[in-house]
Amino acid sequence: MIDTWQQTLPHGITLSCRACGEPGRPVLMFLHGFPEAAFVWDELLQHFSRPENGGYRCVAPNLRGYEQSSAPTDVKAYRAKFLVQDIVALIDAECGKDRPLAALVAHDWGGALAWSVANQHANRLRQLVVINAPHPGPFVQAMQHNPAQQAASAYMNFLVQADSAAQLSANNFEKLLSFLKSNAEQTGGIPSLAAKAAPWLTPALQARYREVWSHGLDGALNYYRASPLRPSTPQDPAVAQVSLPPEMLRIEVPTLLLWAQDDIALLPCLTEGLDTHVADLSLVPIANATHWVVHEQPQRVITEITDFLQPPFQ
């Protein structure tokens, strides 16, 4: 069974959460990305909570701005420091201040937050698992100097437009669904991040996404609006003006990076040079998979995480 509840954090934000497993057990925390929600982790929550698979307490929040979590209207409320504050406070709520997560597992925007949590609060997690979410060091370099990645990230400049939520929600979220399946030519040119057909995206699952999106899209889109890490334009210097000091890039916790090789938004070049920043890195490329690898190859993802995890501690 998956438990759901509203977790109020000390700084006034509430995150709607999903969990499997007994409180008090070692905790795995799962962070979703755009345009998803906590429910996408359900299969992994159920798997890793079983005694034969570690008996973990598995927790997946809906990030700030998503589903029924708090969704401030001020774009500045979605800056990285506030998003990281949410995750650290949730870790404290689940583990107490003296016990770290067994691992933080994250994809896409959740992965962006996870890199920052690991950098700034390494004592709050034993291990890190990131799935197709670029470390900020290679990402900034590629966005500043790699034309292929700049072109692949051009969709971000659509997402920051003032009317993007209205465009994405029109016709029962038709254009937003195009991010999940390869049909951009049928949806007014809004890009797909799928690269190929998405048989996993069943009518029932589409209905579930639509229900989540019906709570509003601007919170999710504010992640892009609040971040300078998007392609530069004549009107907006964006990533061109970003310079990250080395201390913001260092990751000391053991890290597993899973990278689907057919991700057309986040190219494999974003995994290059990571050993400069990550002290203990296991990089696993996954062939014949797109940005939505968690849906396409869930058993492969589960196997790689299982092989990486240290034995649960008590």
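Predicted model: local features only at pLDDT ≥ 70, side-chain atom pairs only at ≥ 80, totals over all residues.
N171 sits in helix α7, where helices are DSSP runs of H or I with at least four residues, strands are runs of E with at least two, and both are numbered from the N terminus. N171 is not a glycine, yet its phi is positive, at about 55 degrees. Most residues other than glycine have a negative phi, and most peptide bonds are trans.

Residues are numbered from 1 along each chain as its sequence is written, and side-chain values use heavy atoms, with hydrogens and water left out.

Let me turn to the packing of α7. Helix α7, residues 164–177, packs against helix α9, residues 218–226, at about 140 degrees, with the axes 10 Å apart. The axes are lines fitted to C-alpha atoms, for helices over the stretch in contact, and angles run from 0 to 180 degrees between N-to-C directions. The contact (heavy atoms within 4.5 Å) is made by S164, A165 and L168 of α7 together with D218, L221 and R225 of α9.

The peptide bond from F34 to P35 is cis, with omega near -5 degrees. P35 belongs to the loop between β3 (27–31) and α1 (42–49).

What is the place of N171, to return to the opening? N171 is in helix α7, the helix that packs with α9 at an angle of about 140 degrees.
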